[in-house]
Amino acid sequence: MTTDPAFDTLTLRRDGHVLLIGLNRPEKRNAFNVAMLTELALAYGLLEFDDALRVGVLFAHGEHFTAGLDLVDVAPYVASGDLPMPEGGRDPWRLDGDWTKPVVAAAQGRCLTLGIELLLAADIRVAAQDTRFAQIEVLRGIYPFGGATLRLPRQTGWGNAMRWLLTGDEFDAAEAHRIGLVQEVAPDGDAALARAREIAHTIADRAAPLGVRATLASAHTARREGDAAAIARLRPVVAELFGTADAAEGVQSFVERRAANFQGR
């Protein structure tokens with residue numbers, strides 16, 4: 001039986017091939033201190049390196065997704081440029097190269113600064129109708145350093161990104177959905193988490209893990225190296241996939257009109 005680490009600021013729970021990662025400082029509106037950043041790095045490392053896990057779901061306990069960084073605790077590390085990275089962990093902002101496992105995120109309540117960047121780092125995002133977003137770093141004399149300046153313009157368009165990055169204004173879930181920050185809006189936090197889990201299980205239980213990995217790799221290559229580099233890999237990679245046991249299972253399940261049982265090989 002697999003024993004996962006016990007954390008103070010996060011909860012971890014395996015749900016089949018899905019890893020549920022819960023932010024768990026509700027008394028602090030899930031504001032991130034150094035311990036929480038470290039534990040999220042370790043949780044993402046577990047997701048990425050454990051072959052039994054196929055998809056992660058990031059969510060928050062309590063009324064709020066996160067109030068952002070706990071600056072009293074984190075500021076000295078930010079000022080020195082030396083945020084610790086634990087052995088076996090992955091960057092909590094997911095800025096340390098390509099990832100092979102998708103993450104679905106569910107947000108509710110306040111989703112400030114780092115919270116928006118955590119959503120942008122996820123692959124699919126769901127927000128409760130009551131979610132309120134703000135990227136307020138410019139109002140504190142700094143700027144977003146966890147990926148918002150890279151990802152928000154790319155994912156929402158330049159004007160939409162600058163409207164919120166440069167003003168620090170608050171916006172709601174409807175606006176987040178309009179600009180593409182979130183893909184779906186749910187009635188409340190429980191429904192947002194339920195929908196995120198449903199999407200995660202659709203990927204983990206129905207899609208071939210090698211196919212998911214190849215899809216992510218192709219998209220990452222196109223973003224990082226351009227379309228030509230991704231195009232050059234399309235046919236060679238699909239030829240490799242056709243030689244796998246999962247591809248044979250996919251064909252056989254189609255012939256037999258049944259759900260496929262993919263093993264990731």
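**View 1. Tyr44 and Trp99 form a ring pair.** Tyr44 is buried, at 1% relative accessible area. Buried means under 20% relative accessible area, exposed over 50%, and partly exposed in between (1.4 Å probe, protein chains only). Trp99 is buried too, at 4%. This is a predicted model, in which local features need pLDDT of at least 70 and side-chain atom pairs count only at pLDDT 80 or more, while totals for chains, interfaces and linings use all residues. Residues are numbered from 1 along each chain as its sequence is written, and side-chain values use heavy atoms, leaving out hydrogens and water.

A search of the whole structure finds four aromatic pairs. In one of them, the ring centres of Tyr44 and Trp99 are 5.2 Å apart and the planes stand at 90°, so the pair is edge-to-face. Rings of Phe, Tyr and Trp (its six-membered ring) pair if their centres lie within 6.5 Å; planes under 30 degrees apart count as stacked, over 60 as edge-to-face, and the rest as tilted. Tyr44 belongs to helix α1 (residues 34–49), and Trp99 to the loop between α2 (71–80) and β4; 55 residues separate the two. Helices (H or I, at least four residues) and strands (E, at least two) are DSSP runs, numbered from the N terminus.

**View 2. Arginines sit over both rings.** The charged end of Arg90 is over the ring of Trp99, 4.5 Å from its centre. Arg94 lies over the face of Tyr44, 5.7 Å from the ring centre. The criterion is NZ of Lys or CZ of Arg within 6 Å of the ring centre and within 35 degrees of the ring normal.

**View 3. Phe133, Trp164 and Phe171 are linked into a cluster by ring pairs.** Phe133 and Phe171 are stacked, 5.3 Å centre to centre, with 15° between the planes. Phe133 is in strand β7 (residues 132–134) and Phe171 in strand β8 (residues 170–172), so the pair ties together parts 38 residues apart in sequence. Both Phe133 and Phe171 are buried.

**View 4. Six strands make an open sheet.** Their order is β1-β2-β3-β4-β6-β9, with mixed pairing. The edge strands, β1 (10–15) and β9 (184–186), each pair on one side only. Strands pair if DSSP finds at least two bridges between them. Strand β6 (residues 124–128) runs parallel to β9, joined by three bridges. Ala127 stands opposite Val185 in β9.

**View 5. Gly159 lies in helix α5 (residues 158–165).** Gly159 counts as partly exposed, at 48% relative accessibility. Its C-alpha atom is separated by 10.0 Å from that of Ile179, 20 residues apart along the chain.
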